Amino acid sequence: MSFRLRQAAPNDLPQITAIYCDAVLNGTASYEIIPPDEDEMASRFQAIRNKGYPYIVAEDEGGKLLGYAYASAFRTRPAYRWMVEDSIYLAPEARGRGLGKLLLANLIETCEALGFRQMIAVIGGAAPASIAVHRAAGFAETGLLKGTGYKHGRWLDTMLMQKALGEGAETDPDPSAYPGTMFSE
């Protein structure tokens, strides 16, 4: 199976919504219980894009959307502006084929180019496949939060993983360039 990665567009929202709906109803990556509708997903998409964060999709040769990934604020306080949280969702038929790894690699590269210094993964259900994908991309485990969510009739743990981007915390960032300009101090 070959994939093409590209920037997400508003016309991708029906397929993005369907992929996320499956993740909410059948998985543990999201701690939502009721899937948001397409209008809500459009609002979330626009909020992410308005802040300049990357949002990418993967499609097959026929143009079918197989997954998507985006970076967004880990926390909204200004001092966190140099760190992003990654999110990756795959259609059921695309899982286990290396697509998550490709999406994450593209997201890391894009976020580094934008000037972000840290990326964090908040892995719902401490899913072994997601942990493995992040570990292979150079993320380190930074903590396990036990019993953080209750879904599908069981308590779920949340794994936190982190990766330095670019110079990480080795040098001071440039507050006059994005993402420094996201907030005025």
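Before the details, a word on conventions: residues are numbered from 1 along each chain as its sequence is written, and side-chain values use heavy atoms, with hydrogens and water left out. Since we are looking at a prediction, local features need pLDDT of at least 70 and side-chain atom pairs count only at pLDDT 80 or more, whereas totals for chains, interfaces and linings use all residues.

Let me start with the strands. Helices and strands here are DSSP runs numbered from the N terminus, with at least four residues of H or I for a helix and at least two of E for a strand, and two strands pair if DSSP finds at least two bridges between them. Strands β2 and β3 run antiparallel and are joined by 5 bridges, and one of the positions to look at is Ala 58, whose bridge partner in β3 is Gly 67. The hairpin that these two strands make has 5 residues between them, and in it Gly 63 takes a positive phi near 90°. On from there, β3 pairs with β4, again in the antiparallel sense, over 7 bridges; Ser 72 has Glu 85 as its bridge partner in β4, and Ala 73 has Val 84.

How much of β3 and β4 is covered? I call a residue buried under 20% relative accessible area, exposed over 50%, and partly exposed in between, using a 1.4 Å probe and protein chains only. On that scale 8 of the 9 residues of β3 are buried, and in β4 the count is 7 of 8.

That brings me to the core, where a nonpolar core is a set of buried Ala, Val, Leu, Ile, Met, Phe, Trp, Tyr and Cys residues joined through side-chain atoms within 4.5 Å. The largest one has 43 residues, and the members that touch the most others are Ile 16, Tyr 55, Tyr 68 and Met 119. Helices α1 (13–26), α2 and α3 (99–114), together with strands β2, β3, β4 (83–90), β5 (118–124) and β7 (154–164), each supply at least two residues of this core.

Leaving aside residues up to four places away in sequence, and taking contact as heavy atoms within 4.5 Å, Tyr 68 touches, among others, Ile 16, Ile 19, Met 41, Val 57, Ser 87 and Leu 103. Its relative accessible area is 1%, so Tyr 68 is buried, and Tyr 55, at 2%, is buried as well.

Which aromatic residues gather into one cluster? Rings of Phe, Tyr and Trp (its six-membered ring) pair if their centres lie within 6.5 Å, planes under 30 degrees apart counting as stacked, over 60 as edge-to-face and the rest as tilted. A search of the whole structure finds 10 such pairs. Tyr 55 and Tyr 68 make a stacked one, with 5.9 Å from centre to centre and 10° between the planes, and this pair links strand β2 to strand β3 (residues 65–73), 13 residues apart. As for the cluster, it is formed by Tyr 20, Phe 45, Tyr 55, Tyr 68, Tyr 70 and Tyr 89.

Finally, the charges. A salt bridge means a side-chain nitrogen of Lys or Arg within 4 Å of a carboxyl oxygen of Asp or Glu, and the structure holds 8 of them. In one of these, Arg 4 meets Glu 59 at 2.5 Å, N to O; because Arg 4 lies in strand β1 (residues 4–7) and Glu 59 in strand β2 (residues 55–59), the pair ties together parts that are 55 residues apart in sequence. Arg 4 is partly exposed at 46% relative accessibility, whereas Glu 59 is buried at 7%. Another joins Asp 12 to Arg 6, with the closest N and O atoms 2.7 Å apart, and Asp 12 is buried too, at 3%. A further bridge, between Arg 44 and Glu 40 at 2.9 Å, N to O, stays inside helix α2 (residues 38–50), where the two are 4 residues apart and therefore separated by about one helical turn. Through shared partners, salt bridges join Arg 4, Arg 6, Asp 12 and Glu 59 into one network.
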